[in-house]
Amino acid sequence: MKEIEIIKPDDWHVHFRDDDILKAVIPETTRHFARSIVMPNLTPPILNGKQAIKYKERIKNAIPKAHNFEPLMTIYLTENTDKFELCKSYQEELVFAAKLYPAGATTNSDSGVKDIKKIMPVLETMSEVGMPLLIHGEVTHKEVDIFDREKVFIDQNLDFICKELPELKITLEHITTKEATEYVYEGNENLVASITPHHLALNRNSIFVGGIKPHNYCLPILKREKHRKALIKVATNGSKKFFLGTDTAPHFASDKENCCGCAGIFNASYCISILTQIFEDAKSLKNLESFISINGASHYQLPSNSTKIKIIKKDYPIKFKKFILVGSEKIMIFNPGFKTFWEVKN
Ligand code: DOR
Ligand code: ZN
C-alpha cells in the first residue's frame with residue numbers, strides 16, 4: 001500500500017445550486033476541499049453583493065458541522081452590471097470574483113454578455129481594484145462549430161481583453177483545447193486557467209461511441225484526444241498557471257437523459273481519486289499538490305491551506321457510488337470508466 005500526503009485542496013469552480021440540491025451535493029465537495037469559488041448561475045442569477053451574501057448564508061447552513069469549508073462568492077456579469085456597486089461588493093469582501101458568461105454559452109447563461117465591448121468599463125474598474133475575472137471562454141454565434149467555440153473566443157475576445165487590460169487577473173475556466181493551453185502558457189502572469197477532471201479523463205469519443213452518453217455531455221464540450229493530451233501535459237508538468245476547477249455541475253438524471261439534455265457533469269465525489277490516478281499514470285504524482293492545492297491559491301493571492309489530506313493507494317480498484325438522491329430524483333456521479341486505485345483517507 002502506498003500513501004501520499006498533500007496540502008488540503010481547493011476547488012476553484014463549483015456549482016452548488018440551491019435548496020434541496022445544494023443540501024444533497026455540498027458534502028461531496030466539503031468533505032475533501034477547504035475552499036471553493038461558487039458559480040453564480042442560479043435561476044435567477046446572483047447579480048449583486050446582497051444576493052451573494054444571502055446565497056453564502058444558505059450554503060453555510062448546508063455545510064455538515066464536521067467540515068471546515070469556506071465558500072468564495074461570485075457575481076454574474078451582465079451588460080447592466082454597475083461597476084461601482086460591483087467593486088464596492090468586492091472591496092467589502094462580500095464577493096471574491098466576477099464571472100463572465102457569454103450569453104447562451106451554457107446552463108442559465110441567458111442573461112450573460114452579448115457584446116464584450118459593453119462591459120469593458122466594468123473590466124477596467126475590476127483591473128484597477130484587483131478583482132479577479134472568471135471567464136467561460138466560448139463564443140455562441142450559431143455559425144461557429146461547437147468544437148471550435150473556445151478557440152474562436154480566444155481569438156476574438158480573450159486576446160482583446162488581455163491586450164486592453166494586461167493587469168486584469170483572468171482565469172480562463174475549464175479549458176479544453178491545445179490552443180487554450182498554449183495561449184495561457186504564453187500569456188502574461190495575470191492570465192491563468194483552470195482544468196476539470198472530466199476534460200483530463202475523457203475525449204469526445206466518450207460522448208458518442210457505442211451510443212449517446214448524456215452523462216458525459218458538458219460545456220465546453222469534450223474535445224479530440226490531442227486536446228486531452230495537451231491538457232494532461234500542462235496540468236501535470238508543474239506549471240504554476242494551471243489548477244483544478246472541477247466544474248462539478250449537478251443536474252437530475254431525468255434532465256440529462258432527455259431529448260434536450262442539460263450540460264454538466266457531477267464529479268465532486270471521486271475527483272481527487274480520479275486526478276491522483278491520472279497524475280500517477282502520467283508519472284507526475286509529485287506535481288499533484290501544485291495542481292490541486294497550491295497554484296490556484298497563489299494566483300488568487302490566498303495562503304495555501306494549513307491542513308493536509310492523505311490519499312491511499314489500494315490493492316483493488318475503488319468502487320464508485322452511482323448516484324446521490326434528491327427526493328426521488330437521481331444525480332449521477334461521474335465515473336471516468338477506468339480503474340482508480342486511490343482513495344482519500346477520512
Ligand atoms: O457543463 C456545464 N455545466 N458547463 C457550464 O459551464 C455550466 C454547468 C452548469 O451550470 O450546469
Ligand atoms: Zn461551470
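Against which elements do the buried residues of α9 pack? I opened my notebook with that one.

**Ground rules.** I am working on a predicted model, where local features need pLDDT of at least 70, side-chain atom pairs count only at pLDDT 80 or more, and totals for chains, interfaces and linings use all residues. Residues are numbered from 1 along each chain as its sequence is written, chains are lettered from A and ligands numbered from 1 in the order in which they are written, and side-chain values use heavy atoms, with hydrogens and water left out.

**Entry 1, helix α9.** I listed its buried residues (under 20% relative accessible area; exposed is over 50%, partly exposed in between, with a 1.4 Å probe and protein chains only): His227, Arg228, Ala230, Leu231, Ile232, Val234, Ala235 and Thr236. To my opening question: they pack against α6 (178–186), β9 (191–195), α7 (197–201), β10 (242–244), α11 (271–281) and α12 (288–299), where contact means heavy atoms within 4.5 Å. Just after α9, I found glycine 238 with a positive phi of about 90 degrees.

**Entry 2, the zinc ion.** Ligand 2 is a zinc ion, coordinated by His13 (NE2), His15 (NE2) and Asp247 (OD) at 2.0 to 2.1 Å. I took donors as N, O and S atoms within 2.8 Å of the metal (3.2 Å for Na, K and Ca); water is not among the atoms, so sites may look incomplete. Along the chain the donors follow the spacing H-x1-H-x231-D. Histidine 13 in strand β2 (residues 11–14) and aspartate 247 in the loop between β10 and α10 (253–256) are 234 residues apart, so the pair links distant parts of the chain. Histidine 13 is buried at 1% relative accessible area, and aspartate 247 is buried too, at 8%.

Proline 336 is in the loop between β13 (329–332) and β14 (342–344). Leaving out residues up to four places away in sequence, proline 336 touches Ala201, Leu202, Ile274 and Phe320.

Terms used: Helices (H or I, at least four residues) and strands (E, at least two) are DSSP runs, numbered from the N terminus.
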